[in-house]
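Hello,

Here is the structure we talked about. Please open it first, then read the notes below.

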Amino acid sequence: ETIRFSVQKDLAELFRHTLRSSPRNRYQTMQPVIDILCRICEKLSVKEYIVAPEVRANEFFVGRSNEYGELSARLEAERLIFLCGIGGIGKSELAKQYAIRNKQKYDNILYLPYTGDFEETICQDHVTVATVERVDDESNHHFCWRKLHAIKRCLCGNSLIIIDNLNSRLEDIEDQSVWEFLLSFPCEIIVTTRAEQTQNMLRI
């Protein structure tokens with residue numbers, strides 16, 4: 001579960017075109033195999049990379065097709081979406097289902113359960129960077145910002161961040177600097193929240 005997500009995608013592509021029962025569905029020459037293996041080796045040679053567990057969701061999820069379609073369309077256009085609704089209505093599950101169904105689209109998918117404090121949220125082990133470890137007596141503030149800068153350096157291609165249960169209005173968040181820095185990341189962001197926001201809302 002901690003294999004680099006982009007490498008996992010390359011391996012899936014390799015196996016999909018080499019282990020097929022029908023020869024017609026396999027690679028017809030060795031060159032595509034060599035290309036993928038070279039790409040994997042290049043990625044594995046990079047020492048700084050994100051480690052994020054695979055997003056887990058309910059395999060029996062049904063319904064919400066309209067909201068799912070709107071979420072997909074609006075993310076492409078707006079990059080940041082707040083999934084708003086009362087507790088227990090399915091905001092978190094919809095965000096996770098989107099991530100799972102679109103995992104081939106993204107090179108990184110980061111799931112961050114909000115703890116009530118942005119610095120503490122970033123310091124948790126839900127997402128780590130291979131070269132960034134907390135040193136003795138390091139403050140949350142210092143470790144949070146070292147980790148944030150490392151995550152931003154590692155983001156490549158298409159990436160998705162899910163911030164789950166941020167149940168505060170943006171103007172009431174104390175760590176405004178962390179939030180603003182997250183918005184500078186080259187990625188799409190889904191935020192699940194019970195709080196009414198002033199922008200980019202999708203009510204469910």
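**What turned up**

The accessible surface of the protein chain is about 11200 Å², and carbon and sulfur atoms hold 50% of that. Please keep in mind that this is a predicted model.

First, the overall layout. The chain has seven helices and seven strands. Their order along the sequence is α-α-β-α-β-α-β-α-β-α-β-α-β-β. The C-alpha trace spans about 60 × 45 × 30 Å along its principal axes. Of the 204 residues, 44% are buried. Take the contacts between residues at least 6 apart in sequence: 77% of them join residues at least 24 apart.

Next, charge. The protein chain carries 26 positive and 30 negative side chains. The centres of these two sets lie 8 Å apart.

D164 is buried, yet it has no salt bridge. How far away is the nearest side chain of opposite charge? That side chain is K96, at 5.0 Å.

What does the side chain of D164 make polar contacts with? One partner is the side chain of S92, at 2.5 Å. Another is the side chain of T192, at 2.4 Å.

Best wishes

Key:
Residues numbered from 1 in each chain as written. Predicted model: local features only at pLDDT ≥ 70, side-chain atom pairs only at ≥ 80, totals over all residues. Heavy atoms only, no water. Helix = DSSP H or I, 4+ residues; strand = E, 2+ residues; numbered from the N terminus. Buried < 20%, exposed > 50% of the residue type's maximum accessible area, 1.4 Å probe, protein only. Contact = heavy atoms within 4.5 Å. Areas by Shrake-Rupley, 256 points an atom, 1.4 Å probe, with all protein chains shown as cover. Lys, Arg positive; Asp, Glu negative; His and termini not counted. Charge placed at Lys NZ, Arg CZ, Asp CG, Glu CD. Salt bridge = Lys/Arg side-chain N within 4 Å of Asp/Glu carboxyl O. Polar contact = N/O pair within 3.5 Å; in protein donor to acceptor, adjacent residues only side chain to side chain.
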